[in-house]
2 protein chains.
Amino acid sequence: MTGRRAPRGRPRLPPEENATRERLLDTAQRLFAERGFSQVTLRELTAAAGTNLASVNYYFGSRDELLHALMRRAARAVHGKRTQLLEEAQRHHGTGKAQLRRILYALLEPAIVSEPGRRTDFLFGALLARAHADGRDELLDLLERQTTHLDPFAEALQRALPDLPREEIYWRLHFVLNLEHAVQTELKRLHYLSKGLCDIEDRRAIVDRIVEFALPGLLAPPAITDRPHRTAATRAS
Amino acid sequence: MTGRRAPRGRPRLPPEENATRERLLDTAQRLFAERGFSQVTLRELTAAAGTNLASVNYYFGSRDELLHALMRRAARAVHGKRTQLLEEAQRHHGTGKAQLRRILYALLEPAIVSEPGRRTDFLFGALLARAHADGRDELLDLLERQTTHLDPFAEALQRALPDLPREEIYWRLHFVLNLEHAVQTELKRLHYLSKGLCDIEDRRAIVDRIVEFALPGLLAPPAITDRPHRTAATRAS
DNA sequence: GTCTATAATATGATAGAC
DNA sequence: GTCTATCATATTATAGAC
């Protein structure tokens, strides 16, 4: 009838704004981000969402399809926010370090710090990390192909750093995006290592630190690439 | 009898050097790193190792204890190698950038690039990432408390960067350690983003790039920390 | 649309023969 | 020490009453 591949007896009425459906997505997003995909069963999830066990299958068809829907929704939100912040940054017509800093915040904040209202957005970074380590290769491949929203960032970086070869631009963009995980991962190790000296609770402050750490690496002149690898072995000999 | 908490009928004879036991560890390490803990069943694991289904329980007591033994072994190998490389670096009595570079390689290479012989070491970074996303919180807490091998690195960085407050040393060390994941994670995104321009296969070359990217951030003067957060919102207004 | 009961399946663990 | 057969359990998915 509908032309969809829905098995049978799937939701008939509203497009995306069903309360139960949204509640399932929100709850799943939080639980998956907190504990990993494999650790959350349908029973826990539906209990936490205040629905019944069958609701996930009713609305999404399967646990995996819920996961996919959730990641698509989260990715869309973060990508949209990044794009919007970059456009605002571009309007400054700034140059040099100040402009680079705006680009970095546009890139990093949306996946890390939540807006008032959209309280679950900032979990996207955590979700991505989960997807990686959970071995959801099909899902990851899907997500990692969605690079179009990053193209304007590469362009913006290239404009701010005209002397850098394009390849170098991409690598540095990759490193900056990876530093995003520094807000999610191994923070406890930092806590223990610094004997409590470092405050690991204030996410905004960590974003500030990441940006200041990354800036000099972005601004550095291109590295000489056509040299033999510097390995521990060769250096030690 | 033995005083161990082994349930009953556990291996009697050699301490750590049983061929089957080691084969199980090696195979599990590879499979877990490749696909995540939750994705590998005992049946797959024992089949790949060429043993029978009961062997994991015989040698380790449970699937989880195998995982713990494996992570302990991998952590010990990587931490030992790091310590050894740092000591070699210290013997140079070098200063400035060159010495910093040696410290960075000592930190990054052991978890990323395998030595001839010890072919599974380099998977430790991947294993750590899996542990994170798989929500093995007890295991992670165990691992993240093992920071003593990093103390000499903090000292070495402090000597090379005497003007940096201790807190800043720890944060930058944290960021460098996090960049390690840039060799494991989201490399395919970089591949798609750069339309194949970036070679994501050569791990040694990526370590070189990470080191050159991180160096300027390490060398930068301490950031002014007592300022209000620079958020996208405040900057846009 | 919601919910209960249950089917179908896969897993970790173990007993006991060899 | 190795292996097979099996248990107990937990999971996703679904049929069908309301």
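Author: Let's begin with a loop: B:Glu186 sits between H9 and H10 of chain B, where helices (H or I, at least four residues) are DSSP runs numbered from the N terminus. This is a predicted model, in which local features need pLDDT of at least 70 and side-chain atom pairs count only at pLDDT 80 or more, while totals for chains, interfaces and linings use all residues. Residues are numbered from 1 along each chain as its sequence is written, chains are lettered from A and ligands numbered from 1 in the order in which they are written, and side-chain values use heavy atoms, without hydrogens and water.

Reader: Is B:Glu186 buried or exposed?

Author: Buried means under 20% relative accessible area, exposed over 50%, and partly exposed in between (1.4 Å probe, protein chains only). Phi of B:Glu186 is positive, near 60 degrees, in a residue other than glycine. Most residues other than glycine have a negative phi. With a relative accessible area of 3%, B:Glu186 is buried.

Reader: And B:His93, buried or exposed?

Author: B:His93 is found in the loop between H4 and H5 of chain B. Its phi is also a positive value, near 50 degrees. At a relative accessibility of 69%, B:His93 counts as exposed.

Reader: Why do the buried residues of H2(B) line one face of the helix?

Author: Those buried residues are B:Leu42, B:Leu45, B:Thr46 and B:Ala49. On the other side of H2(B), B:Arg43 and B:Ala47 are exposed. The arc is taken from the directions from the helix axis to the C-beta atoms. Seen down the axis of H2(B), the buried residues line one face because they fall within an arc of 90 degrees.

Reader: Which three residues supply more of the area that chain B buries against chain A than any other three?

Author: Buried area is the accessible area (1.4 Å probe) that two parts lose on being put together, summed over both. Between chain B and chain A this is about 7,100 Å², with 60% from carbon and sulfur atoms. The three that supply 11% of chain B's part are B:Trp171, B:Arg209 and B:Phe213.

Reader: Which residue of chain A forms a salt bridge with B:Arg209?

Author: A salt bridge is a side-chain nitrogen of Lys or Arg within 4 Å of a carboxyl oxygen of Asp or Glu. There are four salt bridges between chain B and chain A. In the one with B:Arg209, the closest N and O atoms are 3.2 Å apart, and the partner is A:Glu168.

Terms used:
Helices (H or I, at least four residues) and strands (E, at least two) are DSSP runs, numbered from the N terminus.
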